[in-house]
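Here is a colleague's note, written to be read beside the coordinates. Please keep the model open while going through the points.

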Amino acid sequence: VVDAHCDTVQKMLEPSFDFSIAHERGHVDLPRLRAGGVTGQVFAAWVSPDVEPEATVASAREQLATIVSATQRHADDLVLARRAADVRAAQEAGKVAAVLAIEGGHLIANSLDHLEAFAHAGAVYLTLTHAQHNDWADSAGIDEPLAPKHNGLTDFGREIIRAMNRLGMIVDVSHVSEKTVRDVLETSDAPVIASHSSCHAVSPHCRNLSDDLLRAIAECGGVVHINFAALFIDPAPAPMTYEDHATWWCDEDVAARLQTECTTTLALLVDHFDHALQVVGPAHVGFGSDFDGVPALPVGMESCAFLPRITAELLRRGYAEDDLRPMLGENFLRVLEACQASG
Ligand SMILES: [Zn+2]
């Protein structure tokens, strides 16, 4: 079972955070990964776009190093995985595989050398943008749709896609604009993923993917990993004040209150999986929780410990076990293998 996206590294940067004990707050730690049956967790490094480029690269490096040192500190439970075979071997050994990724093209500071260094450090994918445009790719925005800046990818953006293909890195189209996805699909030789994006047809949020894009990603052999955030999956999420919006990610009390106020149902989250399964079939859907990167999760999905509830609800809705198995992790591993084989 692989979850293609969490932001837990932001918590792990705090020296007082102990990844090996179960926490009341936050969404991911070792005991709860075990409880949720997760055998592979992708940890994404992210840096605020307000940070200047050199410090951004340094911070991204530090975040990747933080995950690597967690695998050394908790070596009985957690192991660094760079390839699909490593994830499978971790499961065989009864351990959780930690997989590295970079969220936001601005983290490479417009340098193919930095991109290559992140690939060599073990980052398996780069999410091309975060919630803002960067110098070479348009974002979809996060609060409301952004007006285009480059109309998709620039020439340098296309160069980055080709470099990622060569490096065996997966191109992640979560967060990017529809036109950027189209430009990526036109440029990339390898399948791409959306590491944490849900369905626009179920909830018309600018971070979600239209059915046309779901199909286009599937046609290249890629996978859409469904995001669990109430804010994205619920057409009428619990309202947030401007202040909540600005503070939830750095104030655990605010985050805890927003979670208590959340009324989004687990059934609605499963509607997104159900919809994606209907539109693109079981070979192109996966988990992309966005744990520890979002203010509130559906009631009953407050941490990674509850992941099996999605599968249980889909079984209850009539899906066969064999139809759901690829979604649990094999789809992600298939794309990882395809990208690394052609890289
Ligand atoms: Zn994100």
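1. Basis of the note. This is a predicted model, in which local features need pLDDT of at least 70 and side-chain atom pairs count only at pLDDT 80 or more, while totals for chains, interfaces and linings use all residues. Residues are numbered from 1 along each chain as its sequence is written, and side-chain values use heavy atoms, with hydrogens and water left out.

2. The zinc site. Glu103 (OE), His175 (NE2) and His196 (NE2) coordinate the zinc ion at 2.0 to 2.2 Å, where donors are N, O and S atoms within 2.8 Å of the metal (3.2 Å for Na, K and Ca), and where a site may look incomplete since water is not among the atoms. Along the sequence, the spacing of the donor residues is E-x71-H-x20-H. His175 lies in the loop between β6 (170-172) and α7 (178-187) and His196 in the loop between β7 (193-194) and α8 (211-219), so the two histidines tie together parts that are 21 residues apart in sequence. Helices (H or I, at least four residues) and strands (E, at least two) are DSSP runs, numbered from the N terminus. His175 is buried, with a relative accessible area of 5%, and His196 is also buried, at 1%; here buried means under 20% relative accessible area, exposed means over 50%, and partly exposed lies in between (1.4 Å probe, protein chains only).

3. How many of the residues of strand β2 (residues 40-45) are buried? Six of its six residues are buried, with Gly40, Val42 and Ala44 pointing one way and Gln41, Phe43 and Ala45 the other. This can be read against the general rule that in a regular strand the side chains alternate between the two faces of the sheet. Strand β2 runs parallel to β1 (residues 2-6), to which three bridges join it, and also parallel to β4 (residues 96-103), to which six bridges join it; two strands pair if DSSP finds at least two bridges between them. In these pairings Asp3 has Gln41 as its bridge partner in β2, and Ala44 stands opposite Ala101 in β4.

4. Polar contacts of Asp3. The side chain of Asp3 makes a polar contact of 3.0 Å with the side chain of Gln41 and another, of 2.6 Å, with the side chain of Ser289. A polar contact is a pair of N or O atoms within 3.5 Å; within protein, one must be able to donate a hydrogen and the other to accept it, and residues adjacent in sequence count only if both atoms are side-chain atoms. Gln41 is buried at 0% relative accessibility, and Ser289, in the loop between β9 and α13, is buried with a relative accessible area of 0%. Leaving aside neighbours within four places in sequence, Ser289 is in contact (heavy atoms within 4.5 Å) with residues including Asp3, His5 and Phe228.

5. Nonpolar cores. A nonpolar core is a set of buried Ala, Val, Leu, Ile, Met, Phe, Trp, Tyr and Cys residues joined through side-chain atoms within 4.5 Å. The largest one has 77 residues, of which Leu126, Phe228, Phe273 and Ile310 touch the most other members. Helix α12 (residues 266-280) gives the largest share of this core, seven residues. A second, separate core of 21 residues includes Ile170, Ala190, Leu333 and Cys339.

6. Aromatic rings. Rings of Phe, Tyr and Trp (its six-membered ring) pair if their centres lie within 6.5 Å, and planes under 30 degrees apart count as stacked, over 60 as edge-to-face and the rest as tilted. The count by this rule is five aromatic pairs. The ring centres of Phe19 and Phe43 are 5.9 Å apart and their planes are at 70°, so this pair is edge-to-face. Phe19 is in the loop between α1 (9-12) and α2 (30-35) and Phe43 in strand β2, 24 residues apart, and both are buried. Phe228, Phe273, Phe287 and Phe291 form one aromatic cluster.

7. Two backbone angles to check. Asn151, which is not a glycine, has a positive phi of about 55°, and Asp292 has a positive phi near 65°. Asn151 is in the loop between β5 (123-127) and α6 (155-167) and is partly exposed, with a relative accessible area of 47%. Asp292, in the loop between β9 (285-287) and α13 (308-316), is buried at 12%.
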